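Student: I have not looked at this structure before. Could you take me through some of its local features?
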Amino acid sequence: MKILVLNCGSSSLKYQLFDMPQETVAAKGLVERIGIEGSRIKHTRTGSSTISKDADIPNHKVALKYVVDLLLDGDEGVIASLNELAAAGHRVVHGGEKFASSVLVDDDVIEAIEECVPLAPLHNPANLTGIRAMKELLPDLPQVAVFDTAFHQTMPPKAYMYGLPYRYYTTYKGRRYGFHGTSHYYVANRAAQLMGKPVEGLKIVTCHLGNGSSITAVDGGVSVDTSLGFGTVPGVIMGTRSGDVDPTLVLHIMEQENLSAANMSHILHKESGFLGLSGISSDLRDIEEAMEKGNERATLVVEMLAYGIAKFIGAYAAAMRGLDCIVFTAGIGENSPLVREKVCDYLEFLGVLCDKDKNGAMIRGNEGEISGGASRVKVLVIPTNEELVIARDTYRDSVKYL
Ligand code: ADP
């Protein structure tokens with residue numbers, strides 16, 4: 001059975017075609033610059049080389065048509081007829097308080113995702129565009145929405161409420177939601193599998209460290225706290241986002257420089273973090289390179305990042321009253337031995353011991369343990385696989401309709 005997994009951004013569309021329940025990827029690709037000059041599609045059939053085509057792609061519906069045509073293509077395709085396609089699964093960023101799990105899409109679900117647009121004004125409209133385009137193209141195909149926020153809906157109020165007047169929670173749904181839920185869910189469960197223990201009995205801190213980063217306390221398999229919040233700025237410093245900042249400093253800067261909310265939002269989301277602090281780059285590889293050459297501000301970025309991550313792990317060990325495992329995932333988590341080693345160094349008092357050789361070897365998609373034999377806490381590097389979770393949920397939620 002073939003499941004198409006889609007991740008629609010405002011001008012991009014990523015896809016993977018899964019064979020389920022075998023969980024193998026038959027083809028994958030990316031449509032870039034949708035609605036912008038220079039649109040392009042890259043497609044890879046598993047076991048074959050990537051093809052890249054320039055095309056006029058004004059919207060997501062046209063993009064999806066190209067994807068479907070490529071999947072059906074005699075040379076590059078992987079299906080003989082559209083009947084082989086069983087369902088489509090969509091990444092949706094925000095499900096608010098309404099969705100604590102994935103859901104089969106119908107008109108009510110589309111309306112509910114629409115209602116969450118004020119909470120994710122850049123992402124949810126793009127995700128909806130993909131769902132609507134798919135519905136127009138293949139009206140009878142079951143579609144499943146998988147939410148970045150859903151996994152964190154188990155957080156208790158003491159973790160998700162802010163100390164603002166309660167009316168802002170009731171009026172504007174102002175609370176911590178958390179993101180990257182699909183990734184945290186996947187790596188926590190994979191960690192339990194690797195440890196050979198049921199996830200229900202484990203206290204895990206999962207560190208998803210990419211361009212955007214979040215750290216989550218997963219107690220007994222459920223999220224009990226996470227470092228991103230109402231939006232995607234708080235927590236540790238990120239590529240271009242500030243991480244935690246005292247809101248009174250933000251207000252002070254706005255007053256001093258007469259900035260609008262939109263101006264300040266741009267600074268917090270796009271001009272801060274590694275880029276804003278270093279003045280070099282938002283990419284940690286560039287920062288690490290500059291640090292090796294003795295650049296002080298690049299060194300500051302790496303020190304702030306490791307310190308920030310370690311503080312969250314310490315806090316979440318307290319929140320869970322224990323710690324069995326730390327997982328590193330996403331671009332930085334999977335590829336930066338330097339950051340991982342510095343983080344572990346703070347946590348020796350909790351029983352965390354990093355094995356330098358194992359840590360150094362764990363890059364580029366490798367999966368495994370980086371803690372030493374004597375470490376009380378297991379430290380694992382696990383490449384994330386959000387697409388697989390979407391494929392699994394889509395298979396599970398759509399199979400009864402087939
Ligand atoms: P996104 O959040 O956009 O999915 P990724 O998970 O791909 O991003 O992570 C991107 C981050 O991973 C960038 O900061 C990049 O510098 C970092 N990264 C990737 N490879 C390495 C590496 N070898 N060493 C250090 N950082 C790396």
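Tutor: Let us begin with Asn-258, which sits in the loop between helix H7 (247-257) and helix H8 (261-270). Please keep in mind that this is a predicted model.

Student: What is phi of Asn-258 near?

Tutor: Its phi is near 50°, a positive value in a residue other than glycine. Most residues other than glycine have a negative phi.

Student: And is Asn-258 buried or exposed?

Tutor: Asn-258 is exposed, because its relative accessible area is 69% and the exposed class begins over 50%.

Student: Where does Pro-21 lie?

Tutor: Pro-21 belongs to the loop between strand E2 (13-19) and strand E3 (24-32). The peptide bond from Met-20 to Pro-21 is cis, with omega near 5°. Most peptide bonds are trans.

Student: Changing topic, how many disulfides does a search of the whole structure find?

Tutor: The search finds zero disulfides.

Student: What about Cys-207?

Tutor: For the sulfur of Cys-207, the closest cysteine sulfur is again in Cys-344, but 9.0 Å away, so it is too far for a bond. Cys-207 is buried, at 0% relative accessible area.

Student: Now the ligand. Which residues surround it?

Tutor: Among them are Gly-210, Asn-211, Gly-212, Ser-282, Asp-283, Arg-285, Asn-335 and Ser-336. An N or O atom in the side chain of Asn-211 is 2.9 Å from an oxygen atom of the ligand. A polar backbone atom of Arg-285 is 3.4 Å from a ligand oxygen atom, and a backbone N or O atom of Asn-335 lies 3.4 Å from a ligand nitrogen atom. On its own the ligand has 580 Å² of accessible area, and the protein covers 68% of that.

Student: Which residue does UniProt list for "binding site"?

Tutor: An unreviewed UniProt entry lists Arg-91 under that heading. Arg-91 is in strand E6 (residues 85-92) and counts as partly exposed, at 22% relative accessibility. The residues that Arg-91 touches include Asn-7, Asn-127 and Asp-148.

Notes
Residues numbered from 1 in each chain as written. Predicted model: local features only at pLDDT ≥ 70, side-chain atom pairs only at ≥ 80, totals over all residues. Heavy atoms only, no water. UniProt positions renumbered as here; feature names shortened; annotations may be inferred. Helix = DSSP H or I, 4+ residues; strand = E, 2+ residues; numbered from the N terminus. Buried < 20%, exposed > 50% of the residue type's maximum accessible area, 1.4 Å probe, protein only. Contact = heavy atoms within 4.5 Å. Near = heavy atom within 4 Å. Polar contact = N/O pair within 3.5 Å; in protein donor to acceptor, adjacent residues only side chain to side chain. Areas by Shrake-Rupley, 256 points an atom, 1.4 Å probe, with all protein chains shown as cover. Disulfide = S-S within 2.5 Å. Lists of a residue's contacts leave out its neighbours within four places in sequence.
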